[in-house]
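Look at the sequence and the model first, then read on.

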Amino acid sequence: MKDLEQFEIEQEWASYTPEQHSIWRTLFHRQEAILARRACQPFLDGLKALGVEAGGIPDFRRLNEALERATRWRIVAVPGLVPDDVFFEHLANRRFPSTCFIRRADQLDYLQEPDIFHDIFGHVPMLVNPIFADYMEAYGKGGLKALRLHNLEHLARLYWYTVEFGLIATPEGIRIYGSGIVSSKGESIYCLEDPKPNRIAFDLLRVMRTRYRIDDYQESYFVIDSFEQLFEATQPDFTPYYAELARLSDLDPGAVLTSDRFLEGNPA
Ligand code: PHE
Ligand code: FE
């Protein structure tokens, strides 16, 4: 295990410029309006509970007080993407690594790498939800195990299609919980309202077989019925699943199987 502290930095909240705070506010207001009837209720509740308001870039010290009180999670500041083992070790101990930099004003709509808006606005509200908070810890432990078993590629797809790009079915229609979607203006609308992408009922092995795109909107989204379902489906030991996955072929991001159960998108 690498030295965890080697990858920790100070947020240095006092050093953000007024322009940087204003970029946060712009992104926040845009997403708040778009997500009102598109994000799932736990996300909206989490956002409110954290007091991540339009005031500007949040100070991790204040955010951590609320988060620790809610679910005993904490944010740690990191310079960018950290090695897999470091990332999983943090999650396994209920610490979420977040970047500190914010995108430039000419990058409001799209950015290749995660910035503080994606990491905090996108991820942290769901960590206020007790079941999702436990799922993320379990995922971290599962990641350390997948590393030992050389199965990270399969497990990474689960993170991608749930934590980053997950959808949930509710009585009001399909709603978003994935952080990669909630932090993107275009994809928040596309994933629910565009007729193009597949919206497939969540199936653990199906998800772990499916490759993903990192350079465009997703061709397929996986829809859970509840966070309990997600948590329970991922409780069993994955060792036999990995053995089975070794025999199954990978699927293209847009693949369709006869066993897939499809969900209708929401009317625009
Ligand atoms: N149960 C999984 C395993 O044994 C760990 C895990 C939990 C993975 C939750 C993902 C999400 O490997
Ligand atoms: Fe992310």
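How are α6 and α7 oriented to each other: roughly parallel or roughly antiparallel?

## Basis of the report

This is a predicted model, in which local features need pLDDT of at least 70 and side-chain atom pairs count only at pLDDT 80 or more, while totals for chains, interfaces and linings use all residues. Residues are numbered from 1 along each chain as its sequence is written, chains are lettered from A and ligands numbered from 1 in the order in which they are written, and side-chain values use heavy atoms, without hydrogens and water.

## Helices α6 and α7

Helices (H or I, at least four residues) and strands (E, at least two) are DSSP runs, numbered from the N terminus. The axes of α6 (residues 130-148) and α7 (residues 152-164) cross at roughly 160 degrees and come within 9 Å. Axes here are lines fitted to C-alpha atoms, for helices over the stretch in contact, and angles run from 0 to 180 degrees between N-to-C directions. The two helices, α6 and α7, are therefore roughly antiparallel; angles over 145 degrees count as such, and those under 35 as roughly parallel.

Contact means heavy atoms within 4.5 Å. Residues of α6 that touch α7 include F132, Y135 and M136, and on the α7 side L152, L155 and A156 are among them.

## Two buried residues

Buried means under 20% relative accessible area and exposed over 50%, with partly exposed in between (1.4 Å probe, protein chains only). In α7, 11 of its 13 residues are buried, one of them being T162. The relative accessible area of T162 is 0%, so T162 is buried. Apart from neighbours within four places in sequence, T162 contacts Y135, Y177, G178, F202 and L230.

G166 sits in the loop between α7 and β3 (167-170). G166 counts as buried because its relative accessibility is 0%. With the neighbours within four places in sequence left aside, its contacts are Y161, I176, Y177, G178, I181 and F222.

## Helix α1

The 18 residues of α1 (residues 18-35) should span 26 Å at 1.5 Å a residue, and the end C-alpha atoms are 25 Å apart, which agrees. The expected span is 1.5 Å times one less than the number of residues.

Which residues of α1 are buried? They are H21, I23, W24, L27, F28, Q31, I34 and L35. These cover an arc of only 155 degrees around the axis, which puts them on the same side of α1; the arc is that of the directions from the helix axis to the C-beta atoms. The face turned away from this buried side carries the exposed residues P18, E19 and A33.

Methods. Angles under 35 degrees count as roughly parallel, over 145 as roughly antiparallel, 65 to 115 as roughly perpendicular and the rest as oblique.
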